[in-house]
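Please keep the sequence and the three-dimensional view at hand while reading.

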Amino acid sequence: MNVNNQPCRTIWPDPARTEIIRIIDQRHLPHRFVVEELRTVADFVIAIRDMHVRGAGLIGATAGFAMYAAIASHPGLPDQRVLLQAATTLIAARPTASNLAWAVERQMAALATEPDRGCWQAKAFAEACAIADEDADFCRRIGEHGLAIIRKISAEKGGAPVNILTHCNAGWLAFVDYGSATAPIYAAQAAGIPLHVWVDETRPWLQGAKLTAWELGQQGVPHTLIADNTGGHLMQHGLVDLVIVGTDRTTRTGDVANKIGTYLKALAARDNNVPFYVALPSSTFDWQCRDGVAEIPIEERPGAEILAITGQTEDGSEATVRIAPADTQTANYAFDVTPARLVSGLITERGVCPANEEAILALYPEAR
Ligand code: MRU
């Protein structure tokens with residue numbers, strides 16, 4: 001999507017020196033656009049763990065390039081041990097988004113077909129680029145499929161703006177391009193359908209306030225930032241036509257793990273008959289998982305993230321200030337699980353389907 005009217009992705013290799021991978025360091029948005037260079041597996045692990053990059057699709061794409069970096073930055077010919085060590089450290093960086101292990105395993109499988117270790121670097125680079133390109137393409141297709149949902153609501157409203165609520169950032173910043181939850185929004189905007197997005201601020205990292213508000217602003221999509229607990233009130237007053245969120249891990253039965261607070265939005269949507277859709281590329285399916293609440297690992301992050309808040313001061317510098325007594329006990333769960341029964345439908349790259357095993361497997365028969 002665009003940054004200052006120039007097309008941009010969230011991760012890309014230096015065209016002349018492909019051992020350098022560039023990312024947008026998202027910790028500084030929206031105040032500063034900082035590009036960071038990653039070269040070693042350690043660089044990649046820090047970038048994923050400490051939220052320089054985040055969002056399921058982008059974490060997966062980053063992991064794909066990290067496996068390439070494990071080979072490119074290794075002195076001499078790498079062996080299986082080098083790959084396994086990189087894979088283990090990367091997978092441990094963040095536990096919830098399934099894309100991380102999925103991308104690492106995809107790289108391992110690609111390299112397993114190449115007996116000549118001298119060819120591993122080129123092979124891993126091609127696979128990393130393929131993972132990134134596929135992520136962008138799948139999100140574009142999610143937009144095409146989700147557009148029909150927005151178009152129908154727009155027609156029912158006689159062309160009045162469709163009000164869409166989203167939580168966290170499942171935008172292009174959470175993927176390589178387009179986003180999952182935002183892809184139908186961008187497609188509807190391109191189709192000339194009037195719309196407006198309610199943006200949950202999304203404590204504690206404020207991905208909504210800092211990232212979604214910024215990227216929608218860059219694309220010229222009308223939006224309003226709201227405090228996290230506002231959604232239910234808006235739904236009770238008929239001010240939300242549709243909820244679209246992303247997911248970091250999706251069970252084969254249609255349960256979805258997404259940013260903490262998503263479950264409460266789904267409950268409010270159900271109570272107010274507001275359609276609640278979840279947009280995802282197939283890389284977020286965990287085909288082994290049946291019961292999201294029981295089985296999906298929920299990341300717990302440092303309490304410091306909810307005791308303090310980071311933003312821009314009047315003089316333009318970045319500052320972190322404490323907002324709770326320093327010795328307050330904290331519990332910082334990063335995700336929650338919304339059961340399939342609260343999900344109106346899944347918007348995937350292959351089409352829209354109800355959130356149940358039969359319908360999902362009809363779209364993805366290879367997972368039977
Ligand atoms: O902690 P994050 O920022 O990596 O969390 C991921 C998310 O942004 C959300 O859960 C998002 O809605 C789904 S990721 C496509």
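At what angle do H2 and helix H4 pack, and how far apart are their axes? H2 and H4 (residues 98-112) pack at about 35°, and their axes are 7 Å apart. This is a predicted model, in which local features need pLDDT of at least 70 and side-chain atom pairs count only at pLDDT 80 or more, while totals for chains, interfaces and linings use all residues. Residues are numbered from 1 along each chain as its sequence is written, and side-chain values use heavy atoms, with hydrogens and water left out.

**Terms for helix packing**

- Two packed helices are described by the angle between their axes and the distance between the axes.
- Axes are lines fitted to C-alpha atoms, for helices over the stretch in contact, and angles run from 0 to 180 degrees between N-to-C directions.
- Helices (H or I, at least four residues) and strands (E, at least two) are DSSP runs numbered from the N terminus.

**H2 with H4**

- H2 passes H4 in a right-handed crossing (a crossing is right-handed if the near helix is turned clockwise from the far one by less than a right angle, and left-handed if anticlockwise).
- The contact (heavy atoms within 4.5 Å) involves residues of H2 including Ala-56, Gly-60, Met-67 and Ile-71, and residues of H4 including Asn-99, Ala-103, Gln-107 and Leu-111.
- The residues of this contact comprise 11 nonpolar, 5 polar and no charged (Ala, Val, Leu, Ile, Met, Phe, Trp, Tyr, Cys and Pro count as nonpolar, Asp, Glu, Lys and Arg as charged, and the others, Gly among them, as polar).

**H2 with H3**

- Helix H2 (residues 56-72) and helix H3 (residues 80-91) cross at roughly 145°, and their axes come within 9 Å.
- The crossing of H2 and H3 is right-handed.
- On the H2 side the contact is formed by Ala-63, Ala-66, Met-67, Ala-70 and Ile-71, which meet Val-82, Leu-83, Ala-86, Ala-87 and Leu-90 of H3.
- The residues of the contact of H2 with H3 divide into 10 nonpolar, no polar and no charged.

**H5 with H6**

- Helix H5 (residues 120-156) packs against helix H6 (residues 182-190) at an angle of about 65°, with the axes 7 Å apart.
- H5 and H6 are therefore roughly perpendicular to each other (angles of 65 to 115 degrees count as roughly perpendicular, under 35 as roughly parallel, over 145 as roughly antiparallel and the rest as oblique).
- H5 passes H6 in a right-handed crossing.
- Among the residues in contact are Cys-139, Gly-143 and Leu-147 of H5 and Ala-183, Pro-184 and Ala-187 of H6.

**Ligand surroundings**

- The ligand is surrounded by 15 residues, the closest being Arg-54, Arg-94, Asp-248, Asn-258 and Lys-259 (a residue is counted if one of its heavy atoms lies within 4 Å).
- A polar side-chain atom of Arg-54 lies 2.5 Å from an oxygen atom of the ligand, and one of Arg-94 lies 2.8 Å from an oxygen atom of the ligand.
- An N or O atom in the side chain of Lys-259 is 2.7 Å from a ligand oxygen atom.

**Backbone features**

- Most residues other than glycine have a negative phi, and most peptide bonds are trans.
- The peptide bond from Leu-29 to Pro-30 is cis, with omega near 5°.
- Arg-203 and Pro-204 are joined by a cis peptide bond, with omega about 0°.
- Leu-206 is not a glycine, yet has a positive phi of about 60°.

Terms used: A polar contact is a pair of N or O atoms within 3.5 Å; within protein, one must be able to donate a hydrogen and the other to accept it, and residues adjacent in sequence count only if both atoms are side-chain atoms.
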